[in-house]
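Please walk me through this structure in running paragraphs. I would like the cut-offs behind the terms to be given along the way.

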Amino acid sequence: MNEIRPKTPPTYEQLRTMSGQELGVSEWTTVDQDRINQFAECTGDHQWIHVDPERARRQSPFRTTIAHGYLTLSIIGALALGMGIVPENTQAAFNYGFDKVRFLAPVRVGARIRLRTVLLSMEDRGPGQYLMKAANTVEIEGEEKPALTAETLVMLYERRKRAGA
């Protein structure tokens, strides 16, 4: 597969013309039991299929623990930032929401995942404000079916030039 990793982040002007294009592919990251346990602590979701390796070995159809779907979904932001797809002159970027989230395959403990992102649209929302919509696929190393697909909405605020500068 041809992986696109920008050497320098695109500009806002470039992003406006890139609808339908792949923005990048992240590095692989491992989802280990410690990460799953920390997520369980943060959210209070201690379901045994995530946090009890022995019981999961005996009773789970996967024979091991699996990551929470929301853990996998929450990793998208960090992986996207690591790809360098946010323009350098961005003052702030805020999660604006998700569309069409689908959990397609479990992420087994120890699996490596990565993010593949395609720009769907860049909508002007006011001076220096843009709503970026992207299609995201979280791939699982060595598996044909992805962990999830989700359309992300991110509000970007362009750093404005100061008057007289």
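The side chains of Asn136 and Thr117 are joined by a polar contact of 2.9 Å. A polar contact here is a pair of N or O atoms within 3.5 Å; within protein, one must be able to donate a hydrogen and the other to accept it, and residues adjacent in sequence count only if both atoms are side-chain atoms. Another polar contact of 2.9 Å joins the side chains of Asn136 and Thr152. The model is predicted, so local features need pLDDT of at least 70 and side-chain atom pairs count only at pLDDT 80 or more, while totals for chains, interfaces and linings use all residues. Residues are numbered from 1 along each chain as its sequence is written, and side-chain values use heavy atoms, with hydrogens and water left out.

Asn136 lies in strand S5. Helices (H or I, at least four residues) and strands (E, at least two) are DSSP runs, numbered from the N terminus. With a relative accessible area of 2%, Asn136 is buried; buried means under 20% relative accessible area, exposed over 50%, and partly exposed in between (1.4 Å probe, protein chains only). Not counting residues up to four places away in sequence, Asn136 touches Ile76, Leu115, Arg116, Thr117, Leu148, Thr149, Ala150, Glu151 and Thr152, where contact means heavy atoms within 4.5 Å.

The largest pocket holds about 360 Å³ of space. On a 1 Å grid over the protein atoms alone, a pocket is an open set of points where a 1.4 Å probe fits, with protein on both sides within 12 Å along at least five of seven lines; lining residues have an atom within 4 Å of a point. Grid points are joined across faces, edges and corners, and the volume is the space filled by probe spheres set on the points.

Which elements each supply at least two residues of the lining? They are helix H5 (69-82), strand S3 (90-103), strand S5 (129-140) and strand S6 (148-158). H5 gives the most, with seven residues. By class, the lining has 14 nonpolar, seven polar and no charged residues. Ala, Val, Leu, Ile, Met, Phe, Trp, Tyr, Cys and Pro count as nonpolar, Asp, Glu, Lys and Arg as charged, and the others, Gly among them, as polar.

Aromatic rings come next. A search of the whole structure finds three aromatic pairs. Rings of Phe, Tyr and Trp (its six-membered ring) pair if their centres lie within 6.5 Å; planes under 30 degrees apart count as stacked, over 60 as edge-to-face and the rest as tilted. One of the pairs is stacked, because the rings of Tyr12 and Tyr130 have their centres 4.6 Å apart and their planes at 25 degrees. Tyr12 lies in helix H1 (residues 12-16) and Tyr130 in strand S5, so this pair ties together parts that are 118 residues apart in sequence. Both Tyr12 and Tyr130 are buried.

The pair of Tyr70 and Phe103 is edge-to-face, because the ring centres are 5.8 Å apart and the planes are at 85 degrees. This pair also links distant parts of the chain, with Tyr70 in helix H5 and Phe103 in strand S3, 33 residues apart. Tyr70 counts as exposed at 58% relative accessibility, and Phe103 is partly exposed, with a relative accessible area of 43%.

Backbone angles single out two further residues. Most residues other than glycine have a negative phi. Arg63, however, has a positive phi near 60 degrees, and Lys100 has one of about 50 degrees. Arg63 sits in the loop between helix H4 (53-59) and H5 and is partly exposed, with a relative accessible area of 48%. Lys100 lies in strand S3 and counts as exposed at 58% relative accessibility.

Arg57, in helix H4, is in contact with Arg63 and Thr64 when neighbours within four places in sequence are left aside. The side chain of Arg57 also makes a polar contact of 2.9 Å with that of Glu54. Arg57 is partly exposed, with a relative accessible area of 47%.

For the chain as a whole, the secondary structure comes to five helices and six strands, which run α-β-β-α-α-α-α-β-β-β-β from the N terminus on. The C-alpha trace spans about 65 × 35 × 25 Å along its principal axes. Of the 165 residues, 39% count as buried. Among contacts with a separation of 6 or more, 69% are between residues 24 or more positions apart.
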